[in-house]
Amino acid sequence: MNEPYLNGATLMTTPTPRQLEVALKAGFAGIEARAERLRDKDNKSELEATVSALRSGGGRVVSLNGLGLQSLPGGRLDTRKLEADLPELLDIAAALGAGLLLVVPLRARGVSFEAALEGLREGLALAQAAAKPYGIELGFEFLGFAECPVNTSAKALELARSLPEIGFVPDSCHVYASGSSFGDFPADRLRLVHLNDCARPASMSIEDGDRVLPGEGRIPLKRYLQELRSSGFDGPWSLETFNEALWKEDPEQVAIRGFRALQGLLLG
């Protein structure tokens, strides 16, 4: 496999240093760290412990998840939230040695893509300018929820059309839910791909918690993989589920099962 990583959402209730430990033991190259576990003063010790674990035990944090862009009623960007979140997240990403900061458009009921477009584009440009001195890239992930202004691959591409340095991090569940295609994305702008499965029929009503491990649902993952490889992309990959049932299991066993499921898909 080409650089498989374990996203912290798969083990959300497990401290980040332990996520890294079990990921490496299972065979992953490292993790995608979750900002909600590492930000704010209460979690400072977890960040410090993660940095220490990286130094002593190896592995890599491929990205930090992430920065949310919030559209307000009418479509205007919540710049106050962006300006409050961005410096802290960039400092965390830099401390972890993560070269990628994931950016997502948050849900905004009643706000259309057309209304939100310019504000979100402005937010991406501001975040990109702030990240550049850190040597950190942005990876944009559209979310296939009905209430998200950017919920298809076509909208994501249009949003970042004038920002060629912004990369993309498409997710198999969001691609499936929205009826999009991995083939829509230029391979040279793909930074990472999230892989997961879902047992529900394709619909924008699918929620993050509906995700299961690859091979346990109905997402056409082999076709998606063929689309990606045909375009010239072959990793890195990240296993990202938000399934609360997995959070209650032994994290080491979840990591082993997850690695085997990912291996079966990528090498099958």
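1. S153 belongs to helix α6 (residues 153-159). Helices here are DSSP runs of H or I with at least four residues, strands are runs of E with at least two, and both are numbered from the N terminus. S153 is buried, with a relative accessible area of 2%; buried means under 20% relative accessible area, exposed over 50%, and partly exposed in between, with a 1.4 Å probe and protein chains only. Apart from neighbours within four places in sequence, S153 is in contact with F142, S180, S181, D184 and F185, where contact means heavy atoms within 4.5 Å.

2. On the source: this is a predicted model, in which local features need pLDDT of at least 70 and side-chain atom pairs count only at pLDDT 80 or more, while totals for chains, interfaces and linings use all residues. Residues are numbered from 1 along each chain as its sequence is written, and side-chain values use heavy atoms, with hydrogens and water left out.

3. The sheet is open and has 8 strands, in the order β6-β5-β4-β3-β2-β1-β10-β7, with parallel pairing. Its edge strands are β6 (167-168) and β7 (193-195), each of which pairs on one side only. Two strands count as paired if DSSP finds at least two bridges between them. In general, strands of a sheet pair through backbone hydrogen bonds, either parallel or antiparallel.

4. G139 has G167 of β6 as its bridge partner.

5. β1 and β2 are also parallel, with 3 bridges between them. N7 stands opposite E32 of β2. Strand β2 is mostly covered, with 5 of its 5 residues buried.

6. Helix α1 (residues 16-26) lies across β1 (4-7) and β2 (30-34), and runs at about 155 degrees to β2. Axes are lines fitted to C-alpha atoms, for helices over the stretch in contact, and angles run from 0 to 180 degrees between N-to-C directions.

7. Helices α8 (residues 221-231) and α10 (residues 251-267) pack at about 60 degrees, their axes 10 Å apart. α8 is therefore oblique to α10, since angles under 35 degrees count as roughly parallel, over 145 as roughly antiparallel, 65 to 115 as roughly perpendicular and the rest as oblique. From α8, L221, K222, L225 and R229 meet G264, L265 and L266 of α10. By class, this contact has 4 nonpolar, 1 polar and 2 charged residues; Ala, Val, Leu, Ile, Met, Phe, Trp, Tyr, Cys and Pro count as nonpolar, Asp, Glu, Lys and Arg as charged, and the others, Gly among them, as polar.
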